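Work through the exercises below with the sequence and the model open. Each task is followed by a solution in steps.

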Amino acid sequence: MKTKVFNIKEIDEEGLKHIEESARVIRSGGLVAFPTETVYGLGADALNSRAVEKIYIAKDRPSDNPLIVHIADMEDLRRIASLKQKDIAVLAKNFWPGPLTMVLPKKATVPSVTTGGLDTVAVRMPKNEVALELIRKAGCPIAAPSANLSGRPSPTRGEHVVEDLFGRVDIIISGDDCQIGIESTVLDMTGPTPIILRPGIVTPEQIEDVIGKKINIDQANLLEHNDGENQFTARSPGMKYTHYAPRAEMIIVKGDKADVEQEIKKIAEREVGCGRKVGLIELGNKTHEEAAHDFFARLRDLDDEGVDLILASALDQEDSVGFALMNRMLKAAGYNIIRV
Ligand code: TXA
Ligand code: MG
């Protein structure tokens with residue numbers, strides 16, 4: 001397939017022309033990758049089952065892994081989901097546009113391929129002007145998983161999308177690097193108590209503050225010892241697949257700071273001695289937010305450098321951003337963790 005790449009840094013006259021062309025492609029059932037504030041998405045008309053099927057093929061994605069539907073205004077939301085719970089509107093008002101995805105009872109307008117056969121639909125309003133303008137111009141909600149090949153690290157720069165999807169999609173909109181760098185918080189709103197299915201930058205505490213009640217975290221899916229496969233019935237189907245995997249083997253070392261540093265040094269020396277190329281992922285002076293912003297790009301860079309083994313120190317998970325990033329690190333490492 002011929003892929004067009006549009007560089008859109010701002011929505012000037014040319015940018016707008018490119019967004020309009022992209023919107024026409026979405027409307028006619030094609031695929032367009034676009035930037036959001038979290039990671040790049042690979043979009044199709046969420047209400048057109050043929051178009052959505054193409055997403056699964058382009059990404060090599062298992063078809064029981066449901067997609068997030070992106071909207072630009074509350075009118076779109078009413079078309080696709082039932083909004084009986086009052087907390088939904090409150091959360092939307094406080095966090096949208098932004099990195100919070102809500103799982104809601106779906107309406108019949110949403111075809112079952114979009115939701116992987118579930119009777120719920122995951123929805124968010126991205127905080128990115130190019131994405132919002134694309135959705136508005138397309139005139140339909142846009143289903144979009146992260147725009148990587150299934151199993152590869154999520155793309156946070158236009159060039160990552162080109163690397164994975166050139167030749168597989170109609171248009172790639174290459175915009176700014178994603179500000180956040182890890183995917184949205186996924187919150188199940190279908191039961192009496194909201195449940196975090198995937199941790200992200202929007203924290204449980206922020207959600208609790210806004211709705212004034214306690215929420216749950218889907219611990220079974222997010223614990224460290226979970227090996228990522230077959231151990232549980234995944235509430236969020238995407239959580240059961242190995243994800244974000246760099247080509248290199250990855251090990252996370254957990255323990256007191258000094259012990260961790262010593263262990264990493266020991267393993268690195270041993271492996272280098274065996275002729276293997278070793279790469280490190282270190283927090284250094286970065287905040288957890290900064291580390292999250294860089295994480296997926298770093299995995300791709302280390303792969304490009306031909307590293308065989310990636311060593312990373314575990315993060316302090318007391319704060320929610322550390323918890324969210326550690327969740328991505330564990331998946332990248334296939335839950336390969338050493339405690340010292
Ligand atoms: O930040 C993001 O959320 C990015 C950008 C592009 O918006 N999208 C993204 O999509 O990360 P994806 O497909 O890589 O991850 C979607 C996650 C998966 O874990 C999936 O299983 C879960 O959301 N999900 C989608 N629909 C669901 C549903 N109806 N019930 C439970 N989980 C759902
Ligand atoms: Mg993904």
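This is a predicted model: local features need pLDDT of at least 70, side-chain atom pairs count only at pLDDT 80 or more; totals for chains, interfaces and linings use all residues.

**Exercise 1. Give the strand order of the open sheet and name its edge strands.**

Solution. Eleven strands take part, in the order E1-E8-E2-E3-E7-E4-E6-E5-E9-E10-E11. The pairing is mixed. Next, look for strands that pair on one side only: these are E1 (4–7) and E11 (216–217), the edge strands. At the E11 end, strand E10 (residues 195–198) runs parallel to E11 and is joined to it by two bridges. Isoleucine 196 stands opposite isoleucine 217 of E11.

**Exercise 2. Describe the surroundings of strand E5 (residues 100–105): which strands pair with E5, and in which sense?**

Solution. Start with the neighbours. Strand E9 (residues 185–188) is parallel to E5, with four bridges between them. Strand E6 (residues 120–124) also has four bridges to E5, but the sense is antiparallel. Five of the six residues of E5 are buried, so the strand is largely enclosed by the rest of the structure.

**Exercise 3. Find the buried residues of helix H7 (residues 204–211) and state how they are arranged around the axis.**

Solution. The buried residues are Pro204, Ile207, Glu208 and Ile211. Viewed down the axis of H7, they fall within an arc of 100 degrees, so they line one face of the helix. After H7 comes glycine 212, with a positive phi near 70 degrees.

**Exercise 4. Carry out the analysis for helix H6 (residues 158–165): which residues are buried, and what do they pack against?**

Solution. Gly158, His160, Val161, Asp164 and Leu165 are buried. They lie on the same side of H6, because the arc they cover around the axis is only 155 degrees. Their packing partners are strands E2 (32–34), E3 (41–45) and E8 (171–174), and helices H2 (49–59) and H10 (288–304). Just after H6, glycine 167 has a positive phi of about 90 degrees.

**Exercise 5. Identify the members of the largest nonpolar core that touch the most other members, and examine leucine 91.**

Solution. The core has 63 residues, and those touching the most other members are Leu42, Leu91, Trp96, Leu100, Met102 and Ile207. Helix H5 (residues 129–138) gives the largest share, six residues. A second, separate core has 26 residues, including Ile281, Phe295, Ala324 and Met329. Now take leucine 91, leaving out neighbours within four places in sequence: its contacts are Trp96, Leu100, Met102, Leu187, Met189, Ile207, Val210 and Ile211.

**Exercise 6. Search the whole structure for aromatic pairs and classify what is found.**

Solution. The search gives one pair, formed by phenylalanine 295 and phenylalanine 296. The ring centres are 5.4 Å apart and the planes make an angle of 50 degrees, so the pair is tilted. The relative accessible area is 4% for phenylalanine 295 and 0% for phenylalanine 296. Both values are under 20%, so each residue counts as buried.

**Exercise 7. Is threonine 36 buried or exposed, and what does its side chain reach?**

Solution. Threonine 36 is in the loop between E2 and E3. Its relative accessibility is 2%, so it counts as buried. Its side chain makes a polar contact of 2.9 Å with the side chain of threonine 38 and reaches the backbone oxygen of valine 39 at 2.7 Å. Beyond four places in sequence, threonine 36 is in contact with Gly41, Arg124, Pro126, Asn128, Cys178 and Gln179.

Notes:
Residues are numbered from 1 along each chain as its sequence is written. Chains are lettered from A and ligands numbered from 1 in the order in which they are written. Side-chain values use heavy atoms; hydrogens and water are left out. Buried means under 20% relative accessible area, exposed over 50%, partly exposed in between (1.4 Å probe, protein chains only). The arc is that of the directions from the helix axis to the C-beta atoms. Contact means heavy atoms within 4.5 Å. A polar contact is a pair of N or O atoms within 3.5 Å; within protein, one must be able to donate a hydrogen and the other to accept it, and residues adjacent in sequence count only if both atoms are side-chain atoms. Rings of Phe, Tyr and Trp (its six-membered ring) pair if their centres lie within 6.5 Å; planes under 30 degrees apart count as stacked, over 60 as edge-to-face and the rest as tilted. A nonpolar core is a set of buried Ala, Val, Leu, Ile, Met, Phe, Trp, Tyr and Cys residues joined through side-chain atoms within 4.5 Å. Two strands pair if DSSP finds at least two bridges between them.
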